[in-house]
Amino acid sequence: MQIIPRPPVFQNKNQTRKASLIHNLILGSMCIITIVEIFDCIILPQNIWRWILLIVLYNGFCTLFLMLNKKGHTTLSSRLFVYFLFLMIFSFSYYAGGINAPAIQLIPIVIVFAGLTQGWRNGIITGIAASIIALLFVIAQNHNLVPETSVVQTPLSIWFTLLISIGILGLLQYFSVASIDKALEKAENEIELRKITEKELEKHKQNLEEIVATRTEELAAKNLELIATNNEIKNQTKELS
């Protein structure tokens, strides 16, 4: 029985690459966030239901995104995941200090993920959208529209939030570099195979040229023999006549 689901594989290689990246990042982030929030339940027990709600919502929706990705809805899965992350980050930050909430530092990671899975244009659009929403948070906070935080952060809890950023960034780096290395290795193998094929073709070409040259010489010799025989017959015919 397979405990950890494997990334989906499709006929289109580019889609397989993106689907594999999405699968690994979502699955890895589920593990990281679940572990960190369990520790938050221990060090900040006064907000235990907040952490439990975060774990349930994140893992539940991420499971849905993994299913969509497996069925071939790669782009849809990636976009919904980005929208969901924004909703989670800004909604939880609204009651945890607004723009000062530690979760705000996760926004650049979401932008990088969008760029890797949806293309650089969507990455830029995601960054602009995040900047505008963050600015609205600043304006709301300046006009006292953000409620007082219900979460009393400690240095240790902030460090755990930092661990989420470091862990997910590590996953992004690892799987992105692994994908690039795999593509480069495949390209190098194809180049090497092409060189071997070209050498074989050149070898066959030389063999064919040698065979043609040999046959040409043999035909030329046969032709000379035929000409000589023909001349001899003509001479004999003249002598008889």
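**Notes on the predicted model**

1. The side chain of Ser77 reaches the backbone oxygen of Phe65 at 2.9 Å; a polar contact is here a pair of N or O atoms within 3.5 Å, where, within protein, one must be able to donate a hydrogen and the other to accept it, and residues adjacent in sequence count only if both atoms are side-chain atoms. Ser77 lies in helix α3 (residues 74-94); helices (H or I, at least four residues) are DSSP runs, numbered from the N terminus. With a relative accessible area of 0%, Ser77 is buried, a term that means under 20% relative accessible area (1.4 Å probe, protein chains only). Leaving aside residues up to four places away in sequence, Ser77 touches Ile22, Ile26, Phe65, Leu68 and Asn69, contact being heavy atoms within 4.5 Å.

2. On the basis of the work: this is a predicted model, in which local features need pLDDT of at least 70 and side-chain atom pairs count only at pLDDT 80 or more, while totals for chains, interfaces and linings use all residues. Residues are numbered from 1 along each chain as its sequence is written, and side-chain values use heavy atoms, with hydrogens and water left out.

3. Ser78 also lies in helix α3 and is buried, with a relative accessible area of 0%. Its side chain makes a polar contact of 2.7 Å with the side chain of Thr117 and one of 2.9 Å with the side chain of Gln118. Beyond four places in sequence, Ser78 touches Ile22, Phe113, Thr117 and Gln118.

4. Ile107 is placed in helix α4 and is buried, at a relative accessible area of 7%. Its contacts, not counting residues up to four places away in sequence, are Phe86, Ile89, Phe90 and Ala130. The C-alpha atoms of Ile107 and His204 are separated by 59 Å, the two residues being 97 residues apart along the chain.

5. Which residues of α5 are buried? They are Gly123, Thr126, Gly127, Ala130, Ala134, Phe137 and Ala140. An α-helix has 3.6 residues a turn, so residues three or four places apart point the same way. The cover over the buried residues of α5 includes α3 and α4 (107-118). Just after α5, Asn144 takes a positive phi of about 55°.

6. Two helix lengths can be checked against an expected span, which is 1.5 Å times one less than the number of residues. The 31 residues of α1 should span 45 Å, and the end C-alpha atoms of α1 are 45 Å apart, which agrees. For helix α5 (residues 120-142), the 23 residues should span 33 Å, and the end C-alpha atoms are 33 Å apart, again in agreement. At the start of α1, a side-chain oxygen of Asn12 comes to within 2.9 Å of the backbone nitrogen of Asn14.

7. The largest pocket holds about 550 Å³ of space. Of its 20 lining residues, the closest to its centre are Thr16, Arg17, Ser20, Ser179 and Lys182. The elements that give two or more residues to this lining are α1 (13-43) and α6 (155-240), and α6 gives the most, with 9 residues. A pocket is an open set of points on a 1 Å grid over the protein atoms alone, where a 1.4 Å probe fits, with protein on both sides within 12 Å along at least five of seven lines; lining residues have an atom within 4 Å of a point. The volume is the space filled by probe spheres set on the points, which are joined across faces, edges and corners.

Key: Buried < 20%, exposed > 50% of the residue type's maximum accessible area, 1.4 Å probe, protein only.
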